[in-house]
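Subject: Structure handover and notes

Dear colleague,

Please find the structure below, together with the sequence. My notes on what was found in it follow directly after, and I would be glad if you read them with the coordinates open.

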Amino acid sequence: HILSDLERAFEVLCGSAEGMVGGPRRAAGETLPLLQREWEQRVELVEYTPHCREPLLAMHRAVFQMAGAFPAVSASWLAWARLSRKAGQYQTASSAILQAGQGTCPPEGLFLEQAKLLYVQGQHTAAIRLLEEQLSRRPRGASPHGENSEPPSLSPATRARMALLA
């Protein structure tokens, strides 16, 4: 997978003769979001373990960093944080969350991943406080479901945990 992704990155960043496989050549700015989606789908095919996915995510981060696609770098860090948390590697997940939040535009779902990490570490009150703080910062008109409803990005499990701990 890594070699295939490196080859694909070379095509996009260096402008190979074919550009997109089977399609016309596009500017790197147009193809980077396509490449990001393509790589996200590829990562989903790889076994869901840190051992298998980490090298792939690290290579993706390096390529996006070289291309100046900093939101994609942050999104890759967030994916690594999620995987690490689910694998019980909480220190690694915490470090990845810090890396994901360093950019000028943190990825959507960063605070939710941070709250989930706090929750699994037994810091339930801190997790709820973080969620409440972040939700209160949202503009009143941001939710089409009314000003007191949760944003759609919260999973049903997260809503249930919030209701249980309130």
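Predicted model: local features only at pLDDT ≥ 70, side-chain atom pairs only at ≥ 80, totals over all residues.

Residues are numbered from 1 along each chain as its sequence is written, and side-chain values use heavy atoms, with hydrogens and water left out.

H1 (residues 2–14) and H3 (residues 50–67) pack at an angle of about 10°, and their axes lie 10 Å apart; the axes are lines fitted to C-alpha atoms, for helices over the stretch in contact, and angles run from 0 to 180 degrees between N-to-C directions. The two helices H1 and H3 are therefore roughly parallel to each other, a term that covers angles under 35 degrees, with over 145 counted as roughly antiparallel, 65 to 115 as roughly perpendicular and the rest as oblique.

On the chain overall, the secondary structure comes to eight helices and zero strands, taken as DSSP runs numbered from the N terminus (helices are H or I with at least four residues, strands are E with at least two). Of the 166 residues of the chain, 34% count as buried, where buried means under 20% relative accessible area, exposed over 50% and partly exposed in between, with a 1.4 Å probe and protein chains only. Of the contacts in the chain with a separation of 6 or more, 47% are between residues 24 or more positions apart.

Returning to H1, its buried residues are Asp5, Arg8, Ala9, Glu11 and Val12. They cover an arc of only 160° around the axis, which puts them on the same side of H1; the arc is that of the directions from the helix axis to the C-beta atoms. The face of H1 turned away from that buried side carries the exposed residues Leu3, Glu7 and Phe10, and just after H1, Gly15 takes a positive phi of about 70°.

The 14 residues of H7 reach 20 Å from the first C-alpha to the last, close to the 20 Å expected at 1.5 Å a residue, the expected span being 1.5 Å times one less than the number of residues. In H7, Ala127, Ile128, Leu130, Leu131 and Gln134 are buried, and seen down the axis these buried residues fall within an arc of 160°, so they line one face of H7. The face of H7 turned away from its buried side carries the exposed residues Thr125, Arg129, Ser136 and Arg137.

Arg85, in helix H4 (residues 70–86), counts as buried at 10% relative accessibility. Leaving aside residues up to four places away in sequence, Arg85 touches Tyr90, Ala93, Glu113, Lys116, Leu117 and Val120; Arg85 and Leu117 are 32 residues apart in sequence and 6.4 Å apart in space, C-alpha to C-alpha. Ser94, in helix H5 (residues 90–100), counts as partly exposed at 28% relative accessibility.

With kind regards

Note on methods
Contact = heavy atoms within 4.5 Å.
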